[in-house]
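Visitor: I would like a close look at a single residue and at the part of the fold around it. Please take me through it step by step.

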Amino acid sequence: MKTLARLAVCACLLVAAGGGLSAQEAAAPPAGQPEDKTPTSYDMKAQAALDLQQMQQKFTSLAQAIPQEKYSWRPDPESRSIAEMFLHTAGAGFGFPKMADIAAPAGFDGKGFDKTTTDKTKIIEWLNKSFTHSIAAANSITNADYAKLVPKLGPGANQGDVIYLLVVHQHEQLGIAIAYARSIGVVPPWTADALKKSKSN
């Protein structure tokens, strides 16, 4: 778990330092393979917003399912607590859009944000605010501007890369959140619902 977190941090640092590849560069065909010139049919903007909406539902339902007394639990002394993990996720929803010059809402201060509270109700509020903000950010960028360059992130990096990194990061955090929940005996609500349906059929 810690290894995954470190890899995510390294990836973000590489992009911020200008060493990251843009999506276009990473998708370049291998030598000798012809370039794909067919029209683009995948709507990244709509898919990113949908992914973020679905993750909002899962994060908030999982946060609700975890008892308040478990919010200080952590798998080991070097890892984030459950509260810190959820707040880290919420902070990312404000932080990544800032790379595309989409300002975080008033009242958010990223410095030490993941240690600001252990209150379950407040954390769920922050998760909802964060996902609402990041979904709006994904939708606020025009389709054309998804290809707009963001030079401070490195050669060839664009606004689409920012949204892509946000979605990838939040999916990774969801996996960590599920592992945390399972470790304390909490079954993710959507899994519990699926099991109930399968038993009733």
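Visitor: Is S134 buried or exposed?

Guide: This is a predicted model, in which local features need pLDDT of at least 70 and side-chain atom pairs count only at pLDDT 80 or more, while totals for chains, interfaces and linings use all residues. Residues are numbered from 1 along each chain as its sequence is written, and side-chain values use heavy atoms, with hydrogens and water left out.

S134 has a relative accessible area of 0%, and is therefore buried (buried means under 20% relative accessible area, exposed over 50%, partly exposed in between, with a 1.4 Å probe and protein chains only). S134 belongs to helix α5, residues 120–140 (helices are DSSP runs of H or I with at least four residues, numbered from the N terminus). A polar atom of the S134 side chain lies 3.2 Å from the backbone oxygen of F131. Not counting residues up to four places away in sequence, S134 touches L52, G93 and L166 (contact means heavy atoms within 4.5 Å).

S134 is one of the buried residues of α5, among them also W126, L127, F131 and I135, and what covers these buried residues includes α3, α4 and α6. The 21 residues of α5 should span 30 Å at 1.5 Å a residue, and the end C-alpha atoms of α5 are 30 Å apart, which agrees (the expected span is 1.5 Å times one less than the number of residues).

Turning to the partners of S134, L52 is also in contact with F131, I135, A138, L166, V167 and Q170, leaving aside its neighbours within four places in sequence. L52 is among the residues that touch the most other members of the largest nonpolar core, which has 46 residues (a nonpolar core is a set of buried Ala, Val, Leu, Ile, Met, Phe, Trp, Tyr and Cys residues joined through side-chain atoms within 4.5 Å). The elements giving two or more residues to this core are α3 (44–65), α4 (82–98), α5 and α6 (159–183).

G93 in α4 and L166 in α6 both take part in the meeting of those two helices, whose axes are 10 Å apart at an angle of about 175 degrees (axes are lines fitted to C-alpha atoms over the stretch in contact, and angles run from 0 to 180 degrees between N-to-C directions). α4 and α6 are therefore roughly antiparallel to each other, a term for angles over 145 degrees.

Technical notes: Polar contact = N/O pair within 3.5 Å; in protein donor to acceptor, adjacent residues only side chain to side chain. Parallel < 35°, antiparallel > 145°, perpendicular 65-115°, else oblique.
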